[in-house]
Amino acid sequence: MNRLLKWIKPILLFCFLLAGTNSCKDDFTSVIPYTYINMNINPANYIDLNIPAGTAYFENVGFGGVLIVNNWGDSTTPYLSFDAACTNEAPATISVVQVKENGTGIATCPTCGSQFMIFGGSGAPIKGPAVQPLRQYNTITSSGRIIVRN
């Protein structure tokens, strides 16, 4: 029995190390290309950012603009931000994802109809031909301001 354990321990250790090194890799590559983002926003200037699931759209930043959503109820990430380019349409043309009804937490592509969960989520598609989530940007709050970077 001891002889068997002597062989099993190194094999299990090797398997755990192999699994651990491969599981930490970020192999996901978004169809939305990397675009430098550095925004510093005062939410008091955008009334929709002060209501739960409220959003604000910023043109001319990111690949297709940036959507910032009030992630009300989550004290660790009170705001989330996403590139507004639809992951189904972006390779061909830049179609901006629009929030039809502010406060729903759902963004919809006007071209293909894909819908994405942006409130409390990761921008994952919940309907439509899009299969990849919206590109999410790092968002923090500091001194009452929203800072978006990548």
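Me: Which residues is Ser81 in contact with, once its neighbours within four places in sequence are left aside?

Reply: A contact means heavy atoms within 4.5 Å. In this predicted model, Ser81 is in contact with Val66, Leu67 and Ile68, with the run Arg135, Gln136, Tyr137, Asn138 and Thr139, and with Val148. Ser81 itself lies in strand β4, residues 79–83, and its side chain makes a polar contact of 2.5 Å with the side chain of Thr139.

Me: Is Ser81 buried or exposed?

Reply: The cut-off to apply is that buried means under 20% relative accessible area. Ser81 has 0% relative accessibility, so it counts as buried.

Me: Where does Ser114 lie, and is it buried or exposed?

Reply: Ser114 lies in the loop between β5 (106–108) and β6 (115–117), and with a relative accessible area of 0% it is buried. Beyond its neighbours within four places in sequence, its contacts include Cys86, Asn88, Thr108, Lys127 and Pro129.

Me: Which residues touch the most other members of the largest nonpolar core?

Reply: A nonpolar core joins buried residues through side-chain atoms within 4.5 Å. Here the largest one has 13 residues, of which Phe82, Val97, Phe116, Ile118 and Leu134 touch the most other members, while β3 (66–70) and β4 each supply at least two residues of this core. Apart from it lies another core, of 12 residues, among them Ile41, Phe58, Val66 and Val148.

Note on methods: Residues are numbered from 1 along each chain as its sequence is written. This is a predicted model: local features need pLDDT of at least 70, side-chain atom pairs count only at pLDDT 80 or more; totals for chains, interfaces and linings use all residues. Side-chain values use heavy atoms; hydrogens and water are left out. Helices (H or I, at least four residues) and strands (E, at least two) are DSSP runs, numbered from the N terminus. Buried means under 20% relative accessible area, exposed over 50%, partly exposed in between (1.4 Å probe, protein chains only). A polar contact is a pair of N or O atoms within 3.5 Å; within protein, one must be able to donate a hydrogen and the other to accept it, and residues adjacent in sequence count only if both atoms are side-chain atoms.
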